[in-house]
Amino acid sequence: MKKERCANCGGKLLPRRVEYEKIIGRHRALFDEVPANVCLECDEIWLDGKIAEKMERLFYKGAKPTRKVTIPVWSLAKVA
């Protein structure tokens, strides 16, 4: 993954390790320490195709998650 500029805004991309949420089928999966390029201007995250495939393989293979998180959910239909 050797992009130097963001395809969205043209900002500079820097290699980082990020936390990345991925929708796989009807499931959400959160991956930690994902190698990616991150735009300094718009914060867009760019993944190499091989990294995305690796995340899907881990998920479908049934690999045990490192940790689990719980997130709160608000329904706007019930608030209004």
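1. With a relative accessibility of 45%, Arg67 counts as partly exposed. Keep in mind that this is a predicted model, so everything below is read off a prediction. The side chain of Arg67 meets that of Glu19 in a salt bridge, 2.9 Å from N to O. Arg67 sits in the loop between H1 and H2 while Glu19 is in strand E1, so this pair ties together parts that are 48 residues apart in sequence. Glu19 is partly exposed too, with a relative accessible area of 45%.

2. Taken together, Glu19, Asp32 and Arg67 are linked in a network of salt bridges.

3. **Lys22 and Glu56.** As background, side chains of opposite charge can pair when their charged atoms come close. How far apart are the N and O in the salt bridge between Lys22 and Glu56? The distance is 3.4 Å. Lys22 belongs to strand E1 and Glu56 to helix H1, so the pair ties together parts that are 34 residues apart in sequence. The two side chains also make a polar contact, at 3.4 Å. By the rule used here, a Lys or Arg side-chain nitrogen within 4 Å of an Asp or Glu carboxyl oxygen, the count comes to 4 salt bridges.

4. **Is Lys22 buried or exposed?** Lys22 is at 15% relative accessibility, and the cut-off for buried is under 20%, so Lys22 counts as buried. Lys22 lies in strand E1, which covers residues 13–24. Leaving out neighbours within four places in sequence, Lys22 is in contact with His27, Arg28, Ala29, Phe31, Ala52, Met55 and Glu56.

5. **Arg16, also in strand E1.** Arg16 is placed in strand E1 and is partly exposed, because its relative accessible area is 45%. Not counting residues up to four places away in sequence, Arg16 touches Val34, Pro35, Ala36 and Val38. For Glu53 and Arg16, 37 residues apart along the chain, the C-alpha separation is 18 Å. Glu53 lies in helix H1 and is partly exposed, with a relative accessible area of 48%.

6. Glu33 lies in strand E2, residues 27–39. Asp43 is another non-glycine residue with a positive phi, near 65°. Asp43 is found in the loop between E2 and E3, and at 56% relative accessibility it counts as exposed. I'd have a look at both angles in your viewer.

7. **A nonpolar patch on the surface.** Which residues form the nonpolar surface patch? They are Leu30, Val69, Ile71 and Val73, which together have about 420 Å² of accessible area. Of these, Val73 is placed in the loop between helix H1 (49–61) and helix H2 (76–79). Val73 counts as exposed, at 73% relative accessibility. Arg67 from the opening point is in the loop between H1 and H2 as well.

8. **Confidence.** The protein chain has a mean pLDDT of 91, and 95% of its residues reach 70 or more. Among its elements, H2 has the lowest mean pLDDT, 81, whereas strand E3 (residues 45–46) has the highest, 96.

Definitions and conventions: Residues are numbered from 1 along each chain as its sequence is written. This is a predicted model: local features need pLDDT of at least 70, side-chain atom pairs count only at pLDDT 80 or more; totals for chains, interfaces and linings use all residues. Side-chain values use heavy atoms; hydrogens and water are left out. Patches are made of residues with over 30% relative accessible area and no salt bridge: like charges are joined within 9 Å, nonpolar side chains (Val, Leu, Ile, Met, Phe, Trp, Tyr) within 5 Å. Accessible areas come from the Shrake-Rupley method with a 1.4 Å probe; for residues, only the protein chains shown count as cover. Helices (H or I, at least four residues) and strands (E, at least two) are DSSP runs, numbered from the N terminus. Buried means under 20% relative accessible area, exposed over 50%, partly exposed in between (1.4 Å probe, protein chains only). A polar contact is a pair of N or O atoms within 3.5 Å; within protein, one must be able to donate a hydrogen and the other to accept it, and residues adjacent in sequence count only if both atoms are side-chain atoms. Contact means heavy atoms within 4.5 Å. pLDDT is the predictor's confidence in each residue, from 0 to 100.
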